Amino acid sequence: MLVLEGCVQPSLAPNTNATAARVLDRLGITLLSASKAGCCGAVSYHLSAHADGLDYMRRNIDAWWPYVEQGTEAVVMTASGCGAMVKEYGHLLRHDAAYAEKAARISALTLDLSEILAAEKAALLPLLAPAARGKVAFHSPCTLQHGQKIVGVIEELLTKAGYELTPVADKHLCCGSAGTYSILQKELSQQLLRNKLGALQSGKPTQIASANIGCQAHLQSGTDMPVRHWIELIEEALS
């Protein structure tokens, strides 16, 4: 399977994709990274620089296409923001005669990391060492629960791995990161951040988990409690 390295995550959380590769390797899945793939295009597109965003999309399609022709089974996203964007390539490039068909194929192949592990649950569960692993608050990014409509999947995986998930009030609300929103709308972003951290920490967890690098970095900016990608917690539960 292919994995998108992304543009922010390699600098802020380089362990995320490395951990994903190790976990999937235990399941007999090899992750490959196309060297010429880069930003998914979300930042430019959401800033109304649509032409630039579409160019990023085309570049990624060009980088991935030889692997698709060789039979790659999926394009794996470890950042839900990127996943929501790449799943839209087919729609956004539908009028591009040169890329419409390829873009639709890429979108069809794109899966969030949690969808891969859920599909491999029968192989994953026997690898988890039974233990009580403490309390975790899970923040589901807007791009995961609203954009990709993936709800409850990661929570189930963490519970199966032995973590006690604490209740989170108003879990459908944004943390305030929202791509560039935390920069362009700082006052509102900080208000959303305070509200979200209050909800996440109310159950007295020992750590917070999320599924998107933007949320992860934004949440970490407001607390000393560790904020990690959920795949790191799964790896720690492997025997």
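Author: We go from the whole chain down to single residues.

Author: This is a predicted model, where local features need pLDDT of at least 70, side-chain atom pairs count only at pLDDT 80 or more, and totals for chains, interfaces and linings use all residues. Residues are numbered from 1 along each chain as its sequence is written, and side-chain values use heavy atoms, with hydrogens and water left out.

Reader: How many helices and strands are in the protein chain?

Author: Helices (H or I, at least four residues) and strands (E, at least two) are DSSP runs, numbered from the N terminus. The protein chain has 15 helices and seven strands.

Reader: What radius of gyration does the protein chain have?

Author: The radius of gyration is taken over C-alpha atoms, and the globule rule is 2.2 Å times the number of residues to the power 0.38. For 239 residues, a compact globule would have a value near 18 Å. The protein chain has 18 Å, which agrees. Its C-alpha trace spans about 55 × 45 × 30 Å along the principal axes.

Reader: What share of the residues counts as buried?

Author: Buried means under 20% relative accessible area, exposed over 50%, and partly exposed in between (1.4 Å probe, protein chains only). Of the 239 residues, 50% count as buried. Glutamate 187 is exposed, with a relative accessible area of 70%. Glutamate 187 is in helix H13 (residues 186-201).

Reader: Which residues of helix H7 are buried?

Author: First the general idea. An α-helix has 3.6 residues a turn, so residues three or four places apart point the same way. In helix H7 (residues 100-109), the buried residues are Ala100, Ala103, Ile106, Ser107 and Leu109.

Reader: What covers the buried residues of H7?

Author: Look for contacts, meaning heavy atoms within 4.5 Å. The cover includes helix H4 (50-69), helix H5 (80-86) and helix H6 (89-92). Strand E2 (75-77) and strand E3 (110-112) are also among the cover. Across the protein chain, residues 24 or more positions apart account for 73% of the contacts with a separation of 6 or more.

Reader: How many disulfides does a search of the whole structure find?

Author: A disulfide is a covalent bond between the sulfur atoms of two cysteines. The test is a pair of cysteine sulfur atoms within 2.5 Å. The search finds zero. Cysteine 40 is in no disulfide, and the nearest cysteine sulfur, that of cysteine 82, is 3.8 Å away. Cysteine 40 is buried, with a relative accessible area of 4%. Cysteine 39 is buried too, at 11%.
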